[in-house]
Amino acid sequence: MFLNSSIAKKQTVAITGFLLILFVITHLGGNLLIYAGPAVFNSYAQQLHSLGPLLLIARALLLIIFLLHIFVIHILIIQNIKARGGLKRYAIDQATGKRTLAQRMMPWSGLYIFVFVVFHILDFAAAHQQGPRSFIQGTSYGLYGLVYNAFKDPVHSLLYIVAVYFLGMHLSHGVQSVVQTWGFRPKWADLIQRGSNYFAVMMVIGYSSIPIYIYWLSH
Amino acid sequence: MPKEINLTLKIWRQKDRHSPGKFEVFKIQGIDIDKSFLEMLDMVNEKLTKEGRDPIAFGHDCSDGTCGACGAVINGQPHGPVRGSSLCQLHIRNFKDGETLVIEPWRAKGFPIIKDLSVDRSAFDRIISQVPDAQALPVPKDAQCINCGACVAACPNASAMLFVAAKVSHLNSLPAPEKKIRMLNMVAQMDREGFGNCSNSYECEAACPKEISVVHIAHMNKYYRQVNLS
């Protein structure tokens, strides 16, 4: 069974991580349609919904991948704490190499992302799309309205921006980690770390531009 | 720079595997900066012996970084602050006058403490014994592991991946089916010994006195994946 092997577990985290990265890119692509206005944005959402059972399958798969990623990593973390002999190890916590903050923070950024995702689903996907939160000046704007009203509130926006920042941290270590754990280590490995950072920054800019844009639009 | 410096050493003392340990402080005056770190520990031990006290246990043998017997964590860094060298190659000139050094053993579940700074690294022997004829195999130039265990000590998860990966690279001259079984056996033994899982912080390659690269880990990951999926 793959759960007995450290490398197989790591590679499960890597492959589910990779699939989640693909989702993060696609999701951003859809979200950026908000710049095209309510009509385009809502029709994209409706098209997704018109897929019916296909969308249901896609969502179920995504949920399984997400939960598998978390489940396996949590086994790894418990094993790691045992292996190092508890939470406290050396009297002086000084890195020997170039251990990054993003690497240290992986479990915490992951936890924040998990809590955020639950909130985010309740906030938009599970919310009543024609309900009172979708109204802008007396007219329901569907999902666009939900997003608009959410990001009109600076606290709400900030919550998203912080989550996206944590996502960026998680990705900056995660992307290059997928490459290493999956065993692709070409000569230009240094480029992968840099590429991983650039990708993370692009995602952070892309995602956080939306609450900033809506906030600017609504004030 | 003065020829002699004073240092405060906070050294981990532990009677045996099961006793609780604690730090003991030693103020050392007038250490010749050309002395090695282990010679300084000898100075401490001479003093302790004269006073009728138990000397500090620590591993040592060749004194030129080839045997892998020595090793301690100094201020959180295995083998101390100098990269690409082992503890026996570390000289007092690398420290500042008046500095405090916190000296601890490798800490990992896979390396139980025998006494003070000395740890039991027989887990590595049991991993290598998965390749009975290992001594007869040519060692690749860039993976000349000396089995010191600094990679495990440096890894935030006490993972032995760099050690095992260096040994797997060592198997390259074997025929494919045999190489495959040996690699799987070594990884399985590594997991049984209670070492942690690699999370790509790359602290291991920084601590390695032979500067073995994490590229070997990637190669092992790739090989493991190919074997697993085939």
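# Briefing on a predicted two-chain model

The domain assignment, which is automatic or taken from a database, divides chain B into domain 1 (4-104) and domain 2 (121-229). The model is predicted, so local features need pLDDT of at least 70 and side-chain atom pairs count only at pLDDT 80 or more, while totals for chains, interfaces and linings use all residues. Residues are numbered from 1 along each chain as its sequence is written, and chains are lettered from A and ligands numbered from 1 in the order in which they are written.

**The two domains of chain B**

- The centres of domain 1 and domain 2 of chain B, taken over C-alpha atoms, are 28 Å apart.
- Domain 1 of chain B brings 13 residues to the contact and domain 2 of chain B brings 11, where two residues are in contact if their C-beta atoms, placed from the backbone, lie within 7 Å.
- On the side of domain 1 of chain B that touches domain 2 of chain B, three residues are nonpolar, nine are polar and one is charged.
- In these classes Ala, Val, Leu, Ile, Met, Phe, Trp, Tyr, Cys and Pro count as nonpolar, Asp, Glu, Lys and Arg as charged, and the others, Gly among them, as polar.

**Nonpolar cores**

- A nonpolar core is a set of buried Ala, Val, Leu, Ile, Met, Phe, Trp, Tyr and Cys residues joined through C-beta atoms within 7 Å.
- A residue is buried if 20 or more other C-beta atoms lie within 10 Å of its own, exposed if 12 or fewer, and partly exposed in between, with C-beta atoms placed from the backbone.
- The largest nonpolar core has 68 residues, and those touching the most other members are B:C151, B:V152, B:L162, B:F163, B:V164 and B:C204.
- Helix α4 (residues 161-170) of chain B gives the most to this core, seven residues.
- Because domain 1 (4-104) and domain 2 (121-229) of chain B both give residues to this core, it lies between them.
- Neighbours within four places in sequence aside, B:F163 contacts B:F124, B:C145, B:C151 and B:V152.
- Another core, of 30 residues, lies apart from it and includes A:L76, A:Y160, A:A163 and A:I210.

**Chain A**

- Chain A has seven helices and two strands, in the order α-α-α-α-β-β-α-α-α from the N terminus.
- Helices (H or I, at least four residues) and strands (E, at least two) are DSSP runs, numbered from the N terminus.
- Of its 219 residues, 29% count as buried.
- The C-alpha trace of chain A spans about 60 × 40 × 35 Å along its principal axes.

**Contact between the chains**

- 38 residues of chain B are in contact with 34 residues of chain A.
- On the chain B side, two or more residues each come from β4 (77-78), β5 (100-104), α5 (176-192), α6 (203-207) and α7 (215-229) of chain B.
- α7(B) gives the largest share of that side, eight residues.
- The side of chain B that touches chain A holds 16 nonpolar, 14 polar and eight charged residues.

**Two residues with positive phi**

- B:D116 is not a glycine but has a positive phi of about 45 degrees, and the residue sits in the loop between β6 (113-115) and β7 (118-119) of chain B.
- B:D116 is buried, with 24 other C-beta atoms within 10 Å.
- B:N200, also not a glycine, has a positive phi of about 55 degrees and is found in the loop between α5 and α6 of chain B.
- B:N200 counts as buried, with 23 C-beta neighbours inside 10 Å.
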